[in-house]
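Thanks for making time for this one.

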Amino acid sequence: MTDLSSLTLPELSAWVTGELQEPAFRARQLYQWLHQKQASSFGEMTNLPAALRRELESRAKIAPVSTRLKLESALDGTRKFLFALEDGNCVETVWMEYHHGPSLCISTQVGCRMGCRFCASTLGGLVRNLTPGEMLGEVYEAQRQMGRPISSLVLMGIGEPLDNFENVMKFLEILSSPQGQNLSLRHVSLSTCGLVDGIRRLGERRLGLTLSVSLHAPDDATRSAIMPVNSRWPIGELMAACRDYFEATGRRISYEYALIDGVNDTPAGAEALAGLLRGQNCHVNLIPVNPVKERATRRSSRRAVEAFAARLGELGINATVRRELGSDISAACGQLRRQGGLKPREGGDRFEDERILE
């Protein structure tokens with residue numbers, strides 16, 4: 001069964017004219033149903049002949065994404081969705097309300113192999129990549145549930161987007177298509193833990209999106225202890241790739257920095273971070289680390305967070321403390337998927353495995 005929701009318009013046109021022997025305008029109609037009207041079944045596509053709809057039912061599918069659970073924060077209106085996929089796996093998606101409009105944070109993989117020591121998403125390793133259609137399904141199902149379109153999108157949920165590079169690039173192409181959702185990529189942020197080869201490939205595409213780099217430490221010793229990826233691509237290589245990305249795209253980079261009590265939240269750490277980033281056109285998002293029961297990390301105190309931010313400001317680094325949303329509904333991705341008894345398959349691939357680090 002061909003997943004039509006994962007096909008770009010040229011790919012869909014080739015399939016419709018080649019496999020179905022239908023005229024090209026049928027592909028355009030089908031694409032609009034999939035990505036403008038966001039139909040979840042072929043039966044909804046009423047301007048297609050009944051015979052064609054029957055053939056589509058027998059030969060193709062729309063990547064199914066259904067809502068297993070929906071939680072709403074009593075604090076700020078954030079919604080968290082647990083979405084079920086066709087194979088029974090689940091991913092998490094978070095709807096956040098801002099003054100400029102709603103923003104959606106989606107997952108790009110089922111699980112994650114990066115092994116970051118403070119993260120819930122990587123528990124159990126990587127199960128599989130999401131398809132472009134499944135990522136689009138997260139967007140479309142959230143919009144159906146909420147009854148309105150999103151204004152911006154963040155690829156910062158479960159998974160490492162650059163570890164699923166080709167599927168994520170195709171997802172972004174379809175999402176931004178004028179014949180589809182038509183969301184400008186300037187309203188999209190992609191977060192990476194620091195896959196240098198992926199950052200360079202992304203820079204070559206000059207997509208106009210915002211790159212967010214999960215840095216979390218200013219030196220190799222500290223970063224390697226909490227992020228295994230740093231053993232493959234240390235900070236010097238990561239910073240070189242980020243500078244080249246800015247040169248190629250002109251887009252300011254955002255650095256994510258999760259503050260962990262006694263690990264990376266000291267005044268000396270702030271001074272080292274400022275020295276590392278000095279001269280870059282960048283912004284630092286400071287995030288008190290989310291408590292995860294399976295992890296030993298503890299969040300920094302409010303005093304330590306404020307002192308860290310103040311010291312960065314004194315040293316000329318643009319930094320803000322991220323507003324926490326949905327803390328009463330475990331809005332940090334990776335927690336709901338396990339708490340709901342929907343645990344990932346054990347023994348999945350992990351980036352910690354030296355064979356993957358090669």
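**Helix packing, piece by piece**

Let me begin with the buried residues of α1, which pack against β1 (2-3), α2 (24-35), α3 (50-59) and β2 (60-61); contact here means heavy atoms within 4.5 Å, and helices (H or I, at least four residues) and strands (E, at least two) are DSSP runs, numbered from the N terminus. Before I go on, please keep in mind that this is a predicted model, in which local features need pLDDT of at least 70 and side-chain atom pairs count only at pLDDT 80 or more, while totals for chains, interfaces and linings use all residues. Residues are numbered from 1 along each chain as its sequence is written, and side-chain values use heavy atoms, with hydrogens and water left out.

Which residues of α1 are buried? In this helix, residues 9-18, they are Leu9, Leu12, Ser13, Trp15 and Val16, where buried means under 20% relative accessible area, exposed over 50%, and partly exposed in between, with a 1.4 Å probe and protein chains only. They lie on the same side of α1 because they cover an arc of only 165° around the axis, the arc being that of the directions from the helix axis to the C-beta atoms. As background, an α-helix has 3.6 residues a turn, so residues three or four places apart point the same way.

Next comes a pair of helices. The axes of α4 (residues 132-146) and α5 (residues 165-175) come within 8 Å and cross at roughly 50°; axes are lines fitted to C-alpha atoms, for helices over the stretch in contact, and angles run from 0 to 180 degrees between N-to-C directions. That angle makes α4 oblique to α5, since angles under 35 degrees count as roughly parallel, over 145 as roughly antiparallel, 65 to 115 as roughly perpendicular and the rest as oblique. On the α4 side, Pro132, Met135, Leu136 and Val139 take part, and they meet Asn167, Val168, Lys170, Phe171, Ile174 and Leu175 in α5.

Finally, where does Leu207 lie? Leu207 sits in the loop between α6 (196-205) and β11 (210-214), and Leu207 is partly exposed, with a relative accessible area of 28%. If we leave aside its neighbours within four places in sequence, Leu207 is in contact with Met169, Leu172, Leu185 and Leu202. Of these, Leu172 is 35 residues from Leu207 in sequence, and the two are 9.2 Å apart in space, C-alpha to C-alpha.
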